[in-house]
Amino acid sequence: MRKFPLIILLISLLQIVSCGAYRPDIQQGNVLETEQTQKLKLGMTKKQVSFLLGAPLLQDPFHRDRWDYIYTLKKADQPMLRQHLTLFFVNDALTKIDDSEFDKKITSP
């Protein structure tokens, strides 16, 4: 009879230890391919940009002419990939493309 509680304890410990082995990939935001961003041209309308890239992740209500496309990917045991593309419009025409933070790897803290 003493073996039964010991077996239950061992099975419980094995289940607890096995829980920490799997880490899923975490993706958030707009997935942007380099080919898509290379098709952006100054002077495009908001409709054309939206058709090409999709709806932006962030639209600031105070800056309606600024669109931010943000994407992060965290894979287990790898640095985080962060893409941030900012587009600026004047009178419904694309006037500036800021891709300075596109394809950045961020080391995990």
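This is a predicted model: local features need pLDDT of at least 70, side-chain atom pairs count only at pLDDT 80 or more; totals for chains, interfaces and linings use all residues.
Look at the backbone here: asparagine 91 has a positive phi of about 50°, although it is not a glycine. Most residues other than glycine have a negative phi.

Move on to aspartate 92, which is also in the loop between E4 and E5. Here too phi is positive, at about 65°, and aspartate 92 is not a glycine. How exposed is aspartate 92? Its relative accessible area is 39%, so it is partly exposed.

Now colour the chain by secondary structure. The chain has three helices and five strands. Read from the N terminus on, the elements run α-β-α-α-β-β-β-β. Of the 109 residues, 23% count as buried.

Next, select helix H1, residues 3-19, and find leucine 9 in it. Leucine 9 counts as partly exposed, because its relative accessibility is 46%.

Go to helix H3, residues 46-53, and select Val49, Leu52 and Leu53, which are buried. Why do these residues line one face of the helix? Seen down the axis of H3, the buried residues fall within an arc of 75°, so they line one face. Turn to the other side of H3, where Lys47 and Phe51 are exposed. Just after H3 comes glycine 54, with a positive phi of about 90°.

Glutamate 33 is in the loop between strand E1 (26-29) and helix H2 (34-38). With a relative accessible area of 43%, glutamate 33 is partly exposed.

Return to H3 and select lysine 46. Which side chain meets that of lysine 46 in a salt bridge? The partner is aspartate 65, at 3.0 Å from N to O. This pair links distant parts of the chain, 19 residues apart: lysine 46 is in helix H3, and aspartate 65 is in the loop between strand E2 (58-59) and strand E3 (66-74). Aspartate 65 counts as partly exposed, because its relative accessibility is 35%.

The charged end of lysine 46 sits over the ring of phenylalanine 89, 5.6 Å from the ring centre.

The structure holds two salt bridges. For another salt bridge, select aspartate 68 and arginine 66, whose closest N and O atoms are 3.1 Å apart. Is aspartate 68 buried or exposed? Aspartate 68 has 8% relative accessibility, and because the cut-off for buried is under 20%, it counts as buried. Arginine 66, in contrast, is partly exposed, with a relative accessible area of 31%.

One item is left for the reader to look for: the structure holds one aromatic pair.

Conventions:
Residues are numbered from 1 along each chain as its sequence is written. Side-chain values use heavy atoms; hydrogens and water are left out. Rings of Phe, Tyr and Trp (its six-membered ring) pair if their centres lie within 6.5 Å; planes under 30 degrees apart count as stacked, over 60 as edge-to-face and the rest as tilted. A charge sits over a ring if NZ of Lys or CZ of Arg is within 6 Å of the ring centre and within 35 degrees of the ring normal. Helices (H or I, at least four residues) and strands (E, at least two) are DSSP runs, numbered from the N terminus. Buried means under 20% relative accessible area, exposed over 50%, partly exposed in between (1.4 Å probe, protein chains only). The arc is that of the directions from the helix axis to the C-beta atoms. A salt bridge is a side-chain nitrogen of Lys or Arg within 4 Å of a carboxyl oxygen of Asp or Glu.
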